[in-house]
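Work through the exercises below with the sequence and the model in view. Each task is followed by a solution in steps.

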Amino acid sequence: MLSDVLAWATAMLLMITPTISIWKPRTDVPPHEGQLIDMRNGTLRVVTILEAPFTMKEKTADGSYKYTGFCVDMINELSRMLKFDYDLYEVPDRTYGAMTDDGEWSGMVGQLVNDKADIALAAFTITSERERYVDFTERYMDYGIGFLMKRSNKEKQNYFAFLLPFQPVVWACLLAAIFVVAIMLFITSRIRIKLNIANPERDNDRQFNIRNSIWFAYGSLVRKGVEPAPRSLPVRIMAGTWWLFGLIVISTYTANLTAFLTVKRLEQPIRSIDDLAKQTEIAYGIPTGGGLYSFFRSQQGTGTIYELMWNYMNTEPTTFVKGLTGGVERVRQGEFLFMYDTPMLEYLIKKDPNCELMMVGKPFRQLGYGLATQTSNRLSHEISLGILHLKENGKITELRDRWWPKVGCSMDGSESEAAAEGLALDSFVGVYIVVAVGGALAMVAALAEVSWHSYCNNRPNVPTQQEDTNNTVSEQRKLTEEVLRGIDNGTLQILIRKTPPVIDTCPAHNGGPPDIKSDGKFV
């Protein structure tokens with residue numbers, strides 16, 4: 001009986017006890033700590049696409065061709081590091097790869113999916129759609145989608161460019177400061193004169209009338225010596241402060257004016273993806289059969305600006321171009337914006353012989369480039385380790401500096417240092433206009449003075465009160481001289497007789513007492 005109970009308990013214990021599995025590490029996978037796997041097991045098939053400066057074809061001295069570029073140098077570094085050989089060939093349809101309507105992949109993705117290549121070497125954008133069919137390596141470069149346009153030869157002419165260093169409110173404040181300082185100089189001088197503080201032998205406060213004060217304030221601001229020179233202490237303190245203010249203003253204006261006149265600023269009609277989607281004057285497009293094409297096509301039904309742009313491009317037959325070359329040719333024709341990867345656009349602009357291309361706006365879609373391999377193998381993992389090693393030791397940066405020029409055409413279409421020219425006459429038209437207006441005003445003032453003096457000289461000689469006074473004084477002086485001359489020569493004698501006053505019985509006006517003249521007569 002006891003044995004039956006033990007057997008039953010043992011069976012129940014086995015039924016409720018979970019199965020415990022023991023993990024054994026695999027010994028067929030070599031370790032990667034501190035070393036890279038040796039892949040000397042054959043020659044890898046590498047497919048690429050010609051696109052400067054990543055992969056280019058160069059003619060050698062013997063007439064043959066060889067591949068050069070950023071990606072070629074990178075695969076050479078990886079082949080030495082990972083110890084493998086490769087054969088490089090171009091993709092037949094010259095596209096990166098996109099899924100067609102029948103569900104097949106074109107371009108380099110199709111080469112990998114159909115087992116015609118082991119590695120896709122190019123500026124290959126890593127996308128989620130491609131990731132489902134191929135394996136991507138670690139990013140070797142980050143980028144965005146930029147806007148390429150033809151540089152406009154019509155620069156915005158501003159005849160009054162010399163006013164640009166300061167905003168209108170600053171110019172208004174400077175003009176107001178001139179009048180305020182002039183009024184303060186005038187008031188200070190008048191107060192000193194009124195209180196009899198000024199020293200006539202030393203000070204010149206009387207010369208600071210309102211006209212001279214305004215002229216002094218203006219002349220001091222434009223760094224020209226003007227009269228009257230301040231002599232009294234309060235006026236000198238105010239003038240010295242104004243001179244310091246003028247020094248700072250003129251120095252700041254000169255520095256900003258140099259920058260505004262020597263740097264050509266072009267108008268950029270497109271500054272962002274939103275500006276591009278909202279406008280209809282400038283046509284825009286993308287290359288067919290690439291990652292950017294797949295991205296816009298996948299935006300149908302999302303209600304975003306990308307869907308709006310896709311609908312626009314579908315209605316215009318010239319918006320879809322064949323590759324980067326077709327897009328650049330379309331841009332050179334004018335009135336067209338081409339969207340593409342910024343690294344290649346930067347290279348093209350720097351190397352443009354005519355400097356007629358430029359990038360506008362802010363790039364969108366921050367993505368990355370990687371190498372692609374077939375799925376379900378360790379090749380992408382090993383190449384990723386190699387790319388990380390190249391990034392850590394600075395080799396990727398060195399390769400970029402080698403293939404992207406540091407000098408060349410300006411990215412934003414402005415004049416580069418190498419192509420800078422002297423300032424043209426249109427930069428100084430406004431200054432000549434100001435001089436012409438000043439000369440015209442001076443001529444008007446001169447003509448007004450001439451006309452006034454001519455009018456005064458030609459009108460009838462009607463003596464004024466001042467002239468009457470002067471004539472009276474002159475006659476009195478002559479009479480006095482004749483009297484003195486007669487006394488001297490004896491022809492004139494003076495008789496002095498005192499006459500008693502005579503009282504008039506007529507009452508004076510207003511009931512007051514009668515007035516008596518000096519000769520004794522009533523008034």
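A contact means heavy atoms within 4.5 Å. The structure is a predicted model, in which local features need pLDDT of at least 70 and side-chain atom pairs count only at pLDDT 80 or more, while totals for chains, interfaces and linings use all residues. Residues are numbered from 1 along each chain as its sequence is written, and side-chain values use heavy atoms, with hydrogens and water left out.

**Exercise 1.** Describe the chain as a whole.

Solution. Begin with the contacts between residues at least 6 apart in sequence: 70% of them join residues at least 24 apart. Next, take the secondary structure, where helices (H or I, at least four residues) and strands (E, at least two) are DSSP runs numbered from the N terminus. The chain has 16 helices and 11 strands. Last, take burial: buried means under 20% relative accessible area, exposed over 50%, and partly exposed in between (1.4 Å probe, protein chains only). Of the 523 residues, 36% count as buried.

**Exercise 2.** Which residues of helix α10 are buried, and what covers them?

Solution. Helix α10 spans residues 305–315, and its buried residues are Tyr306, Glu307, Met309, Trp310, Tyr312 and Met313. Their cover includes the helices α8 (273–278) and α9 (291–297). The strands β8 (283–287), β9 (320–321), β10 (336–341) and β11 (357–373) are also among the covering elements.

**Exercise 3.** Classify the ring pair of Phe208 and Phe216.

Solution. A pair of aromatic rings is described by the distance of the centres and the angle of the planes. Rings of Phe, Tyr and Trp (its six-membered ring) pair if their centres lie within 6.5 Å; planes under 30 degrees apart count as stacked, over 60 as edge-to-face and the rest as tilted. The whole structure holds 27 aromatic pairs. For Phe208 and Phe216, the centres are 5.9 Å apart and the planes stand at 80°, so this pair is edge-to-face. Phe208 is buried at 0% relative accessibility, and Phe216 is buried at 3%.

**Exercise 4.** Which residues form an aromatic cluster with Trp404?

Solution. Phe54, Phe70, Tyr140, Tyr143 and Tyr369 form one aromatic cluster with Trp404.
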